[in-house]
Amino acid sequence: MALKLLEAIPEDADRIAAIHLAAFDSNPLLHVQFPTPASLASLRDILAQDTLHSIENAEAGGKVVLVVRDPHSDNRIISFAKWDLPGVHQELPINVSWHDDVNLDFLSKYRELAEAAKQRVVGNKECYCMTFLGTDPDHQRRGAASLLIRWGIERAEENKIPIYLDSTLDAAPLYRRHGFVALDGLALAMPNDEKSQPIFYQELSMLRSLIQDDEMEGMDRWDSSLNISSLRMDYDVGIKPQHVVEAIYERIEAYKEIQPSVWIHLQPIGEVMKFANLLHKRWPDPNKRPPLWGVPFSVKDSINVAGVPTTIGCPALAFTPTESAPVFQQCIDAGALFIGKTNMEQLATGMTGCRSPYGTLHSTFSKLHIVGGSSSGSAVTVSEGLVAFSLGSDTAGSIRVPALYNGVVGFKPTKGTVSARGVYPACQHQDCVSFLATTCEDVEAVWDVCKGFDKSDFFAKQLKFLGTAPQINTMSFQFGTPPDEALKACSPKYRERFGNVVGALKTVQSGKMIDLDWAPFSAGNELLYGGSFVLERLTILPDGWFEANKHLLHPVTRQVFDNALGRDSRAIDLFRDLHKQAEYKRAVEEILTFSHSISTDSGVLTVMIVPTAPFHPTIKEVKQSPLGINGQLGAFAHFANVLDLVAIAVPCGTYEVDDEEFGGRKKELPFGVTILAGCGYDKQLLMLVKELEDMLRDL
């Protein structure tokens, strides 16, 4: 016999209260609000009292309590739902006396958040509202819940008004199957050890509307590209940021099976849903949306986000900032959606991605090969389509190298043109806030939002110093490459791939290969870690911290600092290195030039093109020689900030490797080059690389 759907009668109140507690028993919020057996027993009495009150005053109070009975179990109730009906009804409160053990603060905070979420979604509009649905755990997956949901759907469709409900994350798939869409949410931090990452109780605020409701018209599911221009088109045809958030959290959950340590902090989906919903209220006119409206992004965990711990990949130095870094806030103000903070190389001290206490990541192309660093997790989140872009930093190649190893674009602007305030430093004179995305167009969109002079960042450059990029209709370019002697640092496969890139660029009508003096680039490369500049790394630690706490660092990070201290550099050595830097920068200014013809609105940009790294090592190889390989990876990267250049790392196809560790199977790995231009020529470089990008990707 089929299950029976009926309205509840007064005699059902005790059974409904028992099912309510049983169905909710696995929910951690219940046990925070009612932490003792005595408080739970009192809750059961209050639930029975409230249910009885709703049944007896159903018409006046505008409430319906439904039950599902099982004919095979003596018509025993196995499921129930409570509905608030549309319309104006009498307020018929009951007197509740809470047990002394009840956590009233948590109870009140949850109610406040839930009511605020509902108000953001439906406001004062009429709707059906399912306030609770519970099924006896012994009778789940028999269709009882669907019966109770369909009761409301039928009436809502008949009356042409929507249905609202709050859902736990576990129950959300059931409601989606019945046409509900998550539009908002809540996240409530649970009590836990202050030294641990926060744990959140989360709910989604879901609505089932009608096609006739123009405000809700549009597709209710999304699973497409996070390319920013693609997202904008999706939003234009009716996709909502909430659809995108829901989909990427499904991707994030699935990707945890592959790499569980991508995120150091993941924003609760309920919190992100809330902000996604607020985007519509903040910018109701689609024609006035800011450039990053509804675009999800991640940040390297050296960038401050107010209220979220900044760990720098080092739990011993973690702190919780009260103010966000300007670069983060600029993205938020432009409508972007913050998803979380990513794993990184500890204290941003390396380029391999193999020095994190939170777990070692691998390339998204191979579990055996390194991810690159120090912006390791940021590159993974972009490569795997978990976010559209990521904020990171680049001192010696920390954006460019992970971009290479994960097949994405890494843009390092001119140093000092994006505020580094609120970004934990690695070597402050050489640090540069940088960006990862899937295309040059996307990194440019983010850079356009974030660039600008910050007088509170003492290393910032005035934009007028850089000049403004002239309007150019056509851009041609001259390019040089490292000499053969320098390219010997590359593996045979990388030399072959780089040769293919150079050959392709020679065929570009607007391009011309010329000889460029490699000497200042090579000398600048050596300055970063081969001279006294490396001592600046020690300034990022509080006075006396290293000697007292170095046992808390990753062993390789500890070795980096010990080696720096062991150099015994003198002040005179630092000044000599500063003089060398000035000499090399001036030489490069004469090499990487830009000329502009006003009469033809054309420009010629001279660039240096290098392999982003000389080879792609395995995690095993790095473990055998962590500092040696790390140093080799910077062969074509370390000089960029020393010489004050702008650089963009671009994917250039893939190549096959045939290794015994793959069981004889072939594996494709990404290859890429970095294109560098002179200080301040950011816009010109982006314009050029956008023209070359498709050709390079197809190599």
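- Lys256 is partly exposed, with a relative accessible area of 34%; buried means under 20%, exposed over 50% and partly exposed in between (1.4 Å probe, protein chains only).
- Lys256 meets Glu253 in a salt bridge, 3.3 Å from N to O, and Glu253 is partly exposed at 48% relative accessibility.
- A salt bridge is a side-chain nitrogen of Lys or Arg within 4 Å of a carboxyl oxygen of Asp or Glu; by this rule the count comes to 33.
- Glu250 forms a salt bridge with Arg176, with the closest N and O atoms 3.9 Å apart.
- This pair links distant parts of the chain, Glu250 in helix H9 and Arg176 in helix H7, 74 residues apart.

**Basis of the model**
- The model is predicted: local features need pLDDT of at least 70, side-chain atom pairs count only at pLDDT 80 or more, and totals for chains, interfaces and linings use all residues.
- Residues are numbered from 1 along each chain as its sequence is written, and side-chain values use heavy atoms, leaving out hydrogens and water.

**A salt-bridge network**
- Glu444 and Lys683 form a salt bridge of 3.1 Å, N to O, joining helices H14 and H25 across 239 residues.
- Glu444 is buried at 7% relative accessible area, whereas Lys683 is partly exposed at 30%.
- Glu444, Asp448, Lys451, Lys683 and Lys690 are linked in a network of salt bridges.

**Helix H10**
- Helices (H or I, at least four residues) and strands (E, at least two) are DSSP runs, numbered from the N terminus.
- The buried residues of H10 include Ile269, Val272 and Leu279.
- The elements that the buried residues of H10 pack against include helix H9 and strand E10, where contact means heavy atoms within 4.5 Å.
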